[in-house]
Amino acid sequence: MTLLALLAAVVPAGVAIHPQSPGVAVRNEPLQGLPLCVWNDSSLFTTLKSAMQERGDKVFRFPNGSYSDIYHWNGAGAFTTDSVWVAKDSVYKPGWTGESIHRGQTTGTSASAITDGKLDSYWWSNPDHPGAPGWFSLDLSSAKSVDSVALWLGSVRPDSVQILRWAGENAIWPPPHAQMDGSSWTEVARLPASDIVGFKLGAAASVRYFGVRPIGVLANGWQVREMKVFGAGAALTTNIANSATQTKVYAASAHPANRSTKFVPNWDFEAYMKWIRDYPGAIPLICVNYGTGTLEEAAAWIHYANKVKGYGIKRWQVGNESSGEWEEGGTVTARQYAERFVKFARAMRAEDPTIEIEGPVLAGVDFTTQASGDFDGRSWMEGFLAYVDSVEKVVGIRLVDGIDFHNYPYWFTSAPSAAAMFNACDKSGAQYDSLSALMGRTIADPVSRQILMTEFNTSTVSSSLEMEAAGGTAAGLQFAHFIQRFGDRGLTNTWELYTGIQKGPDGTFGSLSVMTSPARGTWSSLDYPPNASFWTTRTIVRQWLDETGGDTIVPVDQVAGARLFAVRNKGRVSVLAFNMTEDSVALALDASLFPDGGDILSWGTGEYLWTGTDADARAIPDNGPSSKPFAAGWTGASKIPPFGMLVVRGAGRARQPLRTAHWLLNGTALTVEDTLVVSGWSSGEGSALKSGTWTAGAATGVLVATDGTWDGPCESWIAKIPASEIGTGVANLKVSIAGTGGDVASDSQSIKVTGARRPVFLIADFENKKASTAYGAQFNTWSVDNGKVSAKIVAGAVGGWCLKDSINLTQPEDLGYATVFNTSVKMPENLHQLDSAHKLIGIAFDLRTRHSSASGAFGFSYNLSSVKDYDNFAVVLPNTNGAWIRDTVLFVEAKQGGWGAAVPFELDSLATIEFDGRGEGAVEISLDNIVFLGTEGDPINVGVRKAASRGPLALSGRKLSIAHAGKWSLRLVAPNGRVNRSWIGVGATTLSLGRTNGAQWAILESEGVRQILALPVVQ
Ligand SMILES: [Ca+2]
Ligand SMILES: [Ca+2]
Ligand SMILES: [Ca+2]
């Protein structure tokens, strides 16, 4: 018996893959891309271009999101007398944004004209869908005893109006129009249309929802100025121009009349096209304005782009999430959208018959349950498909080339859960199947239509879960379901490139984007560090699939706790596996499908570890998958990391040059007391990586593969280098990766190591009991709302005195940003001398902040005399909720916001420093012991506090102390995600670190607290 046969006899049969199945061909290009949003600064798209190429992005959408429904592509044009924008089709000026004038829908930010209390404002329905004329319902928010109704109509009106009431108090959310069945509506009156339509009910009735429909000829839509409902002589509606308090109106359709918003887009169509032409292989995808635009405007865009300029843009979408009540021009019913879509499509096709037209860009994937709004028993998607199909059959031309939708499957309102996020993303698979089934029975030639998911991510709600490896894996799972279903008909855009970082309802910070904010002090070779979803989608597109094409999706059996996907390519099989649980999942594959060996790519918290939950949290390492090769005779056994991802690939990938795709430093300005953490990800497809080394000055060392062994085609690596080993001065940090065949990839970055940081010069300790510095400069205060700032000298941080500034901030209505106050002080004049004596590196201070609003924020900035546009160097400060902390801001950590002209930071131009508090509410900033930090000369003796830990977990020597009252769990985690030791306890305690066995992080978790602490380097 050969060894192989012996193994086969003792190893149970693995998961079967069915490579002989006909399968579904996959399209590698274009498969994924990103929105390039008009509200982002265009410099971002230049900065992040290499990151997009790294992820394999090829399709780029414009102008994006809800702005698609307010964006006028061409600033050259004129308004009609009805305030409809008519764009020129051969002369171009940068575009602008226009909001609806005759809005009927109450939105989160704008009031309906029907209940705004003004007779000179009116809702005007859109005339483009005569088969499904605009109508509205009015929500009294609870059932009320109604005895009369009054309606003021505009001059454009139908023959008569029908007033309906909804039976019962509750309608399924969304509001009544979004129910499948309209049988709950009953007519209460049908009256001739006149300036004022009023009537009394025979007897008072208990009603929550009224519906109002037009009857008769509607060549130009119809207009409603106002509606009121009365009971016992009192108005039951709140008619006021405030969207938060007015009686809510759901109006289906709106006239495209519009006026300029105050928003000025940061880039425009021609700048976008220039960017597209400069990006290798980029495919443009344009969304035309359905909300405040017209079919003529859409056709003019195609005329200009493809006839005048010859851009040959193929992909065009009509509107964005038009079914949504949040969308300008919406909500619209399926029939309303479809009628108007057909008009758009025919006008667009007439300009250029070669384009591909995509709709309905539906919000969500409830393809069979989200109601059409037309009370025809159909779903919204079904209503759209059925109508377009009926018109296509009559006119004999294809009108919809691609079915487009958006998918954010996971919704939560308080605390997110990884398991729930996985389940929601997993359910997308069945929903995609239901779309295929629906298309199969509703529209001709369904499989010839493309399927586009032009926005997707796990959730629209921010939290640090999205930043964690689990969030990236869940996004990857949803993406894999899409690829498996739609193969070479599929195309996606991940939402989005970069959105900054936002606080979620659970109080943690997250970013719904593939790239994230650089954390304080960090340096990334891609400028902005990749987020978890970057790595999972990149791995799927570039490493599970074959970049050179030729993949076919084939069936694969499933394993409990995991989801598996498989492709074959010229006899090679590649399996993609997602672990949906917090424990490793054992995976045994049918090894006979890998006769020539292959490799296993593994990705989890060992390769990507998000540390912290605040706005300044970060991923270290921030890497792609580790890998290991396996030879012929492999048993087929492997493990999927907790909430992680695995790719098992048969041998035979085409060789690619060895390169380091991303690497990251925790800082480029260090003191001899700091540890430099350098991590990165290198790949040389078709070969094996052999080793990694770093050098800096005379020092040198090895880079450690996070899976323990340099052996596969790609490796995640890390090194922790005490800066004292490198020594003081500027050094060139060089990382070199060696692969088979003599391949070497080297990269370098300048770092600076200084002496230990120490307080060297007192700015202010307030022991003179005055709001001034030790060198006599006064602290000044200012507030944007002209409110009075109280500046007091009160008991200090460590005894003595401190400065306490407080104010009740209000938000001025016309202010386009959060209300703010600040306290600032001039810097000493002899900075140059101070610097040469002490090598100044930053400022430290004791800080106590409070804000009565959870959304309040604090900041610190350096004001340079060289910055003329107020785009100062700033960092975010914490809300300490009344506790004193010691905080340090290094000059290198502060960044300009990016909206002004960039200037280099130079100490000589440091004019003032400023502490600010933002957001409406009671705000306090207290300061004490403000000092310059330097790295040379004698330290000064100020009564400063010790640097406060940012959480209850602290390390002193080899002792871990926990200052936490409740239950907690603590574990020591190695780079590969392995837990080396763990404890569970209650209350404050001290633990001996003991043997760490290569663990690099201690992770403390309890109710409401999660803290990750880097452990000391163990040689
Ligand atoms: Ca009005
Ligand atoms: Ca390895
Ligand atoms: Ca003091």
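The model is predicted, so local features need pLDDT of at least 70 and side-chain atom pairs count only at pLDDT 80 or more, while totals for chains, interfaces and linings use all residues. Residues are numbered from 1 along each chain as its sequence is written, chains are lettered from A and ligands numbered from 1 in the order in which they are written, and side-chain values use heavy atoms, with hydrogens and water left out.

Take the calcium ion (ligand 1) to begin with. Its donors (N, O and S atoms within 2.8 Å of the metal, or 3.2 Å for Na, K and Ca, with water not among the atoms) come from Ala-113, Asp-116, Lys-118, Ser-121, Arg-225 and Glu-226, at 2.3 to 2.6 Å. Ser-121 gives both O and OG. Along the chain the spacing reads A-x2-D-x1-K-x2-S-x103-R-E. Distant parts of the chain are linked here: Lys-118 sits in the loop between strand 7 (96-100) and strand 8 (123-124), and Glu-226 lies 108 residues away in strand 13 (residues 223-231). Strands are DSSP runs of E, at least two residues, and helices runs of H or I, at least four, numbered from the N terminus. Glu-226 is buried at 1% relative accessible area, whereas Lys-118, at 42%, is partly exposed. Buried means under 20%, exposed over 50% and partly exposed in between (1.4 Å probe, protein chains only).

As for the calcium ion (ligand 2), Ser-627, Asp-707, Thr-709, Asp-711 and Glu-715 coordinate it at 2.3 to 2.7 Å. Thr-709 is partly exposed, at 39%.

Helix 10 has 13 of its 13 residues buried.
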